[in-house]
Amino acid sequence: MVAPVKVTRGWLPAGLRVYAVGDIHGRLDLLLAMLERIQADAESLPPGGRARIVFLGDYLDRGKNSKAVLDYLISWPLPRFEADFLRGNHEATLLQFLDNLNAGPGWLTYGGVNTLLSYGVRAPVDVPPRQRLAAVQQQLRAVLPPAHLAFLRRLASYVEIGGYVFVHAGLRPGVPLEQQKPEDMVWIREDFLHSTADHGRVVVHGHTISMEAESLPNRIGIDTGAYSTGRLSAVVLEGGERRFIDTAL
Ligand SMILES: [Mn+2]
């Protein structure tokens with residue numbers, strides 16, 4: 001039996017505009033620049049119109065201001081905008097490292113060092129690697145503010161709004177949304193990116209860097225490598241329309 005195929009068509013309820021923001025990676029400067037652009041853009045909302053910002057994860061690592069980015073997002077000083085915060089693989093890995101030293105070496109090679117520095121963690125010198133890692137883990141547990149830990153733990157795997165699903169990395173093609181694995185949702189690349197499958201919703205994601213935002217029938221990718229390019233991207237969704245804004249000069 002062939003399952004009925006839903007036609008993918010992005011849509012949002014009338015009166016709602018959604019901004020989805022890509023991977024920030026410790027670039028507080030770009031986060032603030034993006035939020036200025038979003039606030040300016042939202043001036044054109046009709047009276048009574050609502051705006052919602054979905055952050056696609058990877059707030060931490062690589063850039064220099066991971067702690068400050070979390071402070072800002074946790075404080076969320078823009079009450080006019082509802083905000084959704086998704087989990088990226090970098091947030092997932094930090095949480096793993098708090099309980100499991102084996103998550104440390106990988107994390108440190110893909111940007112965790114800068115997160116540790118932003119929290120004031122300093123690795124001891126002249127001790128064996130495993131011991132150094134244990135000391136770093138202990139320090140991080142001690143300096144990570146409870147509000148940051150709570151924020152990291154309550155990040156969502158995905159959020160559905162209208163005809164869209166927002167998720168950090170993507171979805172495993174052919175698997176129903178409710179049965180997706182958390183690892184796939186923060187780590188998947190080729191199996192998702194190369195798929196032309198209709199996922200039932202248009203998937204809005206970050207995680208894999210492209211020079212320009214990608215706008216395809218079944219997915220929208222908006223990780224433009226902000227931490228190194230200076231270009232943080234967002235997609236603006238309203239009705240059945242999509243358009244893009246970014247922080248490039
Ligand atoms: Mn990622």
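## Exercises: sheet, metal site, core and helix packing

Val159 stands opposite Phe166 in β5. The exercises below start from this pair. The model is predicted.

**Exercise 1.** Find the protein donors of the manganese ion and state how far apart in sequence Asp58 and His168 tie the chain together.

*Solution.* 
- Step 1. List the donors: Asp58 (OD), Asn89 (OD1), His168 (NE2) and His207 (ND1). They lie 2.1 to 2.2 Å from the ion.
- Step 2. Write their spacing in sequence: D-x30-N-x78-H-x38-H.
- Step 3. Locate two of them. Asp58 is in the loop between β2 (50-55) and α2 (66-75), and His168 is in the loop between β5 and α7 (182-187). The pair therefore ties together parts that are 110 residues apart in sequence.
- Step 4. Check burial, with a cut-off of under 20% relative accessible area. Asp58 is at 1%, so Asp58 counts as buried. His168 is at 0% and is buried too.

**Exercise 2.** Which residues of the largest nonpolar core touch the most other members?

*Solution.* 
- Step 1. The core has 45 residues. Phe55, Tyr59, Leu73 and Trp76 touch the most other members.
- Step 2. Inspect Phe55, leaving aside neighbours within four places in sequence. Its contacts are Val21, Ile24, Leu31, Leu35, Leu73, Trp76, Asp84, Phe85 and Leu86.
- Step 3. Keep the second core apart. That separate core has 17 residues, including Leu12, Ala20, Ile222 and Val235.

**Exercise 3.** Are helices α3 and α5 roughly parallel or roughly perpendicular to each other?

*Solution.* 
- Step 1. Take the axes of α3 (residues 89-99) and α5 (residues 129-143). They come within 9 Å and cross at roughly 110 degrees.
- Step 2. Angles of 65 to 115 degrees count as roughly perpendicular. α3 and α5 are therefore roughly perpendicular to each other.
- Step 3. Name the contact residues. α3 supplies Leu94, Phe97, Leu98 and Asp99. α5 supplies Leu133, Val136, Gln137, Leu140 and Arg141.

Definitions and conventions
Residues numbered from 1 in each chain as written. Predicted model: local features only at pLDDT ≥ 70, side-chain atom pairs only at ≥ 80, totals over all residues. Heavy atoms only, no water. Pairing = 2+ DSSP bridges. Helix = DSSP H or I, 4+ residues; strand = E, 2+ residues; numbered from the N terminus. Core = buried A, V, L, I, M, F, W, Y, C linked by side-chain atoms within 4.5 Å. Buried < 20%, exposed > 50% of the residue type's maximum accessible area, 1.4 Å probe, protein only. Contact = heavy atoms within 4.5 Å. Donors = N, O, S within 2.8 Å, 3.2 Å for Na, K, Ca; no water. Axes fitted to C-alpha atoms, helices over the stretch in contact; angles between N-to-C directions. Parallel < 35°, antiparallel > 145°, perpendicular 65-115°, else oblique.
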